[in-house]
Amino acid sequence: MQYDFNKIEQKWQKFWQENKSFRAQMDKARKKYYCLEMFPYPSGRIHMGHVRNYTIGDVIARYKRMRGYNVLHPMGFDAFGQPAENAAIKHNSDPEEWTYKCIDWMKVELKKMGFSYDWDREIATCHPDYYKWNQWIFLKMMEKGLAYKKASSVNWCPNCETTLANEEVINGACWRCHTQVAQKDLEQWYLKITEYQDALLEDLKELVNWPARVIAMQENWIGKSTGCEIYFRLENSDTVIPVFTTRADTIFGATYIVLAPEHEIISKIKDQISNIKEISDYIEQAKAKTKLERMEKSKTGVEIKGIKAVNPANNGKVPIFIADYVLGEYGTGAIMAVPAHDQRDFLFAKEHGLTMRIVIQKPETSNTLSGTNQKPEDLEEAYEGDGVQANSAQFDGLANQEAKLKIAQWMEKEGIGKIQTHWRLKDWLISRQRYWGTPIPVIYCEGCGIVGVPYEDLPVTLPGKIKITGEGGSPLSKAEEFISVKCPKCKKAARRESDTMATFFDSSWYFLRYCSARMDSALFDKAEVSYWMKVDQYIGGIEHAVLHLLYSRFFTKFLKSIGMLSFDEPFDKLLTQGMVLKDGEVMSKSRGNIVDPDEIIKKYGADTLRIFILFTAPPEAELEWNEAAIDGSFRFIMRIWRLLEKIESKETPLEVRRKLHSTIKKVTEDMEGGFKFNTAISAIMELVNEIYRADAVNKEMLNTLVIVLAPFIPHAAEEMWQALGNRESAFTASWPEYGEEFLKLDKVEIAIQIKGKVRDKIEMDVDIGEEKLKQAVLEREQVKKWLEGKPVKKFIVVPNKLVNIVV
Ligand SMILES: [Zn+2]
Ligand SMILES: [Zn+2]
């Protein structure tokens with residue numbers, strides 16, 4: 001029988017589709033399993049990263065199905081966003097047409113991989129049936145005060161007349177037209193994710209099945225820090241500049257302060273600034289830079305001359321700087337600088353010849369209780385570690401961690417500071433001046449103000465036939481028939497919002513929509529959601545560790561707060577698959593090192609590609625592309641295939657039977673214990689070797705082998721299963737159990753030779769290590785007797801057969 005993978009794979013893909021083999025239906029009598037891979041952006045082609053992500057998910061879904069679970073395994077498309085709009089600008093085409101064409105293409109490719117999706121639940125976020133519910137959620141958030149409008153400074157291309165994401169600003173210029181990008185204040189829509197900051201942080205503790213790395217990234221992003229707001233006064237004035245620090249223990253060492261260029265105090269004191277021209281020029285330059293550039297690259301700063309501030313702890317007069325690495329919107333827009341104990345401040349102070357003061361002594365240098373034997377001028381770098389307070393008045397001699405709270409309490413009592421908690425998390429800016437996104441369902445009326453579109457008028461659909469040029473601001477703002485409406489309240493002429501939503505909005509709840517994808521009277525059916533959710537296993541790239549996963553958690557908590565859900569967290573287990581590399585680098589168009597999955601499928605078949613992906617590396621690790629390993633994967637399948645010709649009716653030898661059962665055990669444990677596909681496949685390879693060695697295979701044996709292989713190579717497994725005379729699909733079969741009795745039989749009798757003669761026998765586990773064997777042997781009474789208390793000179797082991805003791 002030929003292994004004609006092309007024919008076989010098409011045959012089974014057609015079979016699964018026609019029989020709706022992977023349709024999921026709620027059945028409360030059965031335990032469910034929701035397996036989900038992050039849905040793709042429909043760029044038109046699937047790449048190797050997708051193939052890896054979805055292959056991992058598919059093996060899990062198929063395996064769980066065979067374990068008896070009612071499996072939900074859906075697929076859809078994250079279909080709004082900039083690439084469609086850019087393609088429209090470039091080719092003068094329609095984003096909608098382009099997107100649906102891409103979706104069709106990708107579906108063809110996904111089907112060629114044989115993924116076990118329930119296509120009846122397919123969603124595309126650009127479809128009005130879907131984004132209607134984005135608008136519904138938005139309006140609910142607006143009702144609760146969680147969606148609001150505020151002015152903020154954004155990256156702005158004056159030529160394209162549009163805002164730019166940080167990623168779209170390249171070396172300070174617009175990525176499309178290379179015009180210098182400016183900062184501009186714009187009124188935009190925000191979601192108040194900060195309302196949930198405590199819960200988002202606290203509930204991370206529940207996510208015990210998430211990678212520690214993802215938890216750490218979320219913690220850091222939410223960024224809770226307890227510290228102290230300290231009030232620096234301007235000399236000879238009552239004007240106060242608050243700074244926030246988590247290091248109150250270093251306040252006695254604060255020798256200057258730094259303001260953000262946009263700090264409001266600057267304009268108030270400009271008459272007292274002697275170098276106001278220099279300061280104004282610096283502020284102008286800072287405006288032209290992006291936040292990212294300011295935070296990551298900038299080390300510049302200028303002293304504000306003519307006025308000083310007062311360190312409230314020791315009344316020392318300190319210089320005031322402005323520097324663009326301090327951002328106006330973070331914290332108080334001002335920081336205190338402690339050059340002896342902060343490396344950035346240290347470098348800045350060295351450059352500007354500023355005073356340093358050591359207030360934390362390194363433990364090994366603190367041989368005096370007060371004062372320090374270290375001089376600031378000897379410092380080669382800042383000391384940021386823990387130690388003992390010095391030069392800190394009544395706090396000298398305290399451990400700095402202890403002093404941190406005591407100093408903060410003292411400042412609070414003196415009225416020169418206040419203990420505070422700060423969060424790094426900011427509200428989420430969702431306004432985009434783009435066409436290809438969900439219209440924000442809001443109307444502006446001169447009389448009534450901001451009015452939400454009534455629920456019964458949803459969806460607000462995108463108008464077709466819009467000219468998209470990429471210039472002149474939001475395309476929707478120029479679509480007069482879209483923009484002019486009647487106010488829903490007073491019925492007078494009003495204008496519609498022309499901004500659309502960031503696409504992360506769309507993906508923050510799509511996993512709920514899959515539970516009842518065709519529901520048209522609500523965003524989801526509560527009974528279906530309560531049956532299928534949570535997602536048992538979520539799989540996707542580490543690049544989504546923060547934004548998508550954090551937003552999804554936020555939406556879940558919000559929907560719970562309005563009574564739509566009964567759980568706090570959407571994803572039980574999370575697996576972040578590693579990247580696919582070629583020649584040590586990530587596959588990418590610009591590097592020109594892309595391997596097209598289609599080419600590999602044509603040459604070897606999807607099953608071979610699957611085995612390669614699963615066997616070459618554990619799912620979390622990076623996967624290096626290797627053509628030879630592809631070939632090896634193909635040969636492995638061929639080797640299994642040829643077993644069909646070797647079937648005899650004779651009994652399987654005991655050692656093969658044992659190997660079969662230990663393999664079932666190993667594969668089952670590898671699947672249950674974190675999806676170690678590579679070691680599971682490796683165990684199956686060993687079993688196949690054993691079958692060839694024994695040269696005996698019967699139908700029963702091969703049936704079991706095929707079932708164990710089915711999640712990995714579903715097409716070949718179905719074909720073999722049928723060839724073996726089975727009528728139903730292999731995926732209706734249950735996962736095999738292993739027989740303990742066969743595992744127990746994995747014992748061997750080992751002869752014990754002492755001084756050249758067999759004196760005893762011992763039964764041990766197969767392949768037991770030498771140490772354990774030696775210990776067991778030497779403890780035996782019979783052995784002790786023959787050794788007569790003499791020291792053992794040599795202990796020679798012939799594995800699984802014999803030990804020879806030389807005395
Ligand atoms: Zn531009
Ligand atoms: Zn009105």
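Glu377, Asp378, Glu380, Glu381 and Glu384 form a patch of negative charge on the surface of this predicted model. A patch here joins like charges within 9 Å, using residues with over 30% relative accessible area and no salt bridge. Elsewhere, the count of salt bridges comes to 44, a salt bridge being a side-chain nitrogen of Lys or Arg within 4 Å of a carboxyl oxygen of Asp or Glu.

Because the model is predicted, local features need pLDDT of at least 70 and side-chain atom pairs count only at pLDDT 80 or more, while totals for chains, interfaces and linings use all residues. Residues are numbered from 1 along each chain as its sequence is written, and side-chain values use heavy atoms, with hydrogens and water left out.

**Surface charge**
- Glutamate 381, one of the patch residues, is placed in the loop between strand 14 (360–361) and strand 15 (388–389); strands are DSSP runs (E) of at least two residues, and helices are runs (H or I) of at least four.
- Glutamate 381 has a relative accessible area of 52% and is therefore exposed (exposed means over 50%, buried under 20%, and partly exposed in between, with a 1.4 Å probe and protein chains only).

**Salt bridge between lysine 107 and glutamate 122**
- Lysine 107 and glutamate 122 meet through their side chains at 2.6 Å, N to O.
- Lysine 107 belongs to helix 4 (residues 95–112) and glutamate 122 to the loop between helix 4 and helix 5 (128–143), so the pair ties together parts 15 residues apart in sequence.
- Lysine 107 and glutamate 122 are both buried.

**Salt-bridge network**
- Asp203, Arg553, Lys557 and Glu569 are linked in a network of salt bridges.
- In the bridge of lysine 557 with aspartate 203, the closest N and O atoms are 2.4 Å apart.
- Lysine 557 lies in helix 17 (residues 547–561) and aspartate 203 in the loop between helix 6 (197–202) and helix 7 (212–222), so this pair ties together parts that are 354 residues apart in sequence.
- Both lysine 557 and aspartate 203 are buried.
- Arginine 553 and glutamate 569 form a salt bridge at 2.9 Å, N to O.
- Arginine 553 is in helix 17 and glutamate 569 in the loop between helix 17 and strand 25 (571–577), so parts 16 residues apart in sequence are tied together.
- Arginine 553 and glutamate 569 are likewise buried.

**Domains**
- The domain assignment, automatic or from a database, includes domain 4 (597–741) and domain 5 (746–806).
- The centres of domain 4 and domain 5, taken over C-alpha atoms, are separated by 38 Å.

Definitions and conventions. Chains are lettered from A and ligands numbered from 1 in the order in which they are written. Patches are made of residues with over 30% relative accessible area and no salt bridge: like charges are joined within 9 Å, nonpolar side chains (Val, Leu, Ile, Met, Phe, Trp, Tyr) within 5 Å. Accessible areas come from the Shrake-Rupley method with a 1.4 Å probe; for residues, only the protein chains shown count as cover. Lys and Arg count as positive and Asp and Glu as negative; His and the chain ends are not counted. The place of a charge is taken as NZ of Lys, CZ of Arg, CG of Asp or CD of Glu.
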